[in-house]
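Q: Please take a close look at the ligand site in this structure. Which contacts hold the description together, and what surrounds them?

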Amino acid sequence: MFTELKRLNVAAVKRRIETLFEEDANRAAGFSLSCGDMLFDYSKTGIDAEVRAALTDLCDLSDVAGRRAAMFGAGVINETEGRAVLHTALRDPDGDDLLLDGTELRAGIRETLDRMRRFSDDIRTGGQIDDVVNIGIGGSDLGPAMAALALAPFHDGPRCHFVSNVDGAHIHDTLKGLDPQRTLFIVASKTFTTIETMTNARTARDWVVAGGGDAGRQFAALSTASDHVAEFGIAADQMFGFEDWVGGRYSMWGPIGLSLMIAIGGEDFDQFLAGGKAMDDHFQTAPWAQNLPAMLALTGIWHHQVCGHPTRAVLPYDQRLSRLPAYLQQLEMESNGKSVAMDGSDLECVSGPVVWGEAGTNGQHAFYQLIHQGTGVVPCEFLVAARGHEPALKHHHQLLVANCLAQSEALMRGRPLEVARERMAAQGLEGGELERQARHRVFPGNRPSTTLIYPQLTPFVFGQIIALYEHRVFVEGVILGINSYDQWGVELGKELATSLGPVVAGDESAEGKDGSTAALVAYIHANGG
Ligand code: F6P
């Protein structure tokens, strides 16, 4: 599938990205695209017109359009679980009728959204709740936790906290200082069986009861499993349900977003949905070369599957997007980190890349050394807003933006040995010492990066960004032949953790465990664990 692209890469590695700018005065415009006010610039990569054409051909060869129509039209594209994939319907509650197995879905989506809105308004205006604690993990945590931080300037509801880790330290430290009578717990779990979430939920309930609170009133549930919710003791009118056609890591557009809605209010939440819907519309209509999710996906495929760069760094120059890399780790690696194709055969290419990153400028003072001078190439994806939310601190934002642009420029240009020599000579060095010192100051450059830039991080823009990455993962998955919507790879660890629980607690012996695991358990017991 990548034969032609690999052939083109043989030529691409021999030329520098800068040369592409020298050869084409309009490269910046020709290798960037817009979606609404948002601009995606991929001109600082090795992609030229021929490579782009071969990349967009992949979309046709893999029938991305057909799969896309199937997804939006309620086809069962999650074939290993026999499910439709309809998170997009959550951000389009007023769309045309949508039928799944003969049932119309939009009315139910609207009804749940209205119930969320009423509940959220009550909490925001009722004066009885100061703090909201979302208890969930993975998709039931990463999305809303990231979003609440991203949209902090719009936060005018009660304080929001997020507890995910089964490590007792997380809930312990979160509850410190909270009032057990004035805290709402939102137990967010698609399955309502996830051990971390249920353990934390029970601890929270004990805390409320011990503190004289009202567990009935102070607990809400977000789940697909009404039976488990009832068993836990949360009343039906405090439960917000969704269906199995919403994957966990794609779920913050519906009930899993309740904590976000309480934080920013229903109107801003609607704006978030509208941003996601705008990206859906763009994704369904723009030709591939002008299609932002498709081009983001194809840039990723070029760098990973064709050029062979094993990781991708996501570098938001926005402190409030500092949880975006963690969110994208789940979105991308849980979706496309698979070695078996949809039809059960071995994948013919490498799976999705390792995704990592950190907010700028912090990352610059940590790992950018390796990005600039390490032996491997790390394609970098920058995100930045033209303006911040703090007009009085405009100079901070200008510095932030300057740093972002400087990094992509430095990655591309680098610094050749001659320039490094001149600089060392200007400091008075000569001979062997000049040569030695100069070599340490060489930047190879020619390192690819993309920049996603938008006017300001509003709920609408944030919705666009998240839907963009969701569709990028979709396009990548279709081209690679992966089912992006299951996650069997997390099961084995969960099963073994369940069987190890009683062993660690000392209720069962470690017999039958491998020598290493048995020795680690023995160490824990010997040390009071
Ligand atoms: O560990 C994997 C996973 O199943 C994720 O896909 C999911 O987002 C997370 O666990 C939490 O699951 P739940 O919402 O059912 O508690």
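A: A backbone N or O atom of Lys-190 lies 2.8 Å from an oxygen atom of the ligand, a polar contact being a pair of N or O atoms within 3.5 Å. Taken alone, the ligand exposes 400 Å², of which the protein buries 87% (accessible areas by the Shrake-Rupley method with a 1.4 Å probe).

The model is predicted: local features need pLDDT of at least 70, side-chain atom pairs count only at pLDDT 80 or more, and totals for chains, interfaces and linings use all residues. Residues are numbered from 1 along each chain as its sequence is written, and side-chain values use heavy atoms, with hydrogens and water left out.

Around the ligand there are 13 residues, the closest being Ser-140, Ser-189, Thr-191, Thr-194 and Glu-334; a residue is near if one of its heavy atoms lies within 4 Å. By class this shell has 8 polar, 3 charged and 2 nonpolar residues. Here Ala, Val, Leu, Ile, Met, Phe, Trp, Tyr, Cys and Pro count as nonpolar, Asp, Glu, Lys and Arg as charged, and the others, Gly among them, as polar.

The space taken by the ligand is the largest pocket. A pocket is an open set of points on a 1 Å grid over the protein atoms alone, where a 1.4 Å probe fits, with protein on both sides within 12 Å along at least five of seven lines; a molecule sits in one if more than half of its atoms lie within 2 Å of its grid points.

How values were computed: A polar contact is a pair of N or O atoms within 3.5 Å; within protein, one must be able to donate a hydrogen and the other to accept it, and residues adjacent in sequence count only if both atoms are side-chain atoms. On a 1 Å grid over the protein atoms alone, a cavity is a set of points where a 1.4 Å probe fits but cannot get out, and a pocket is an open set with protein on both sides within 12 Å along at least five of seven lines; lining residues have an atom within 4 Å of a point.
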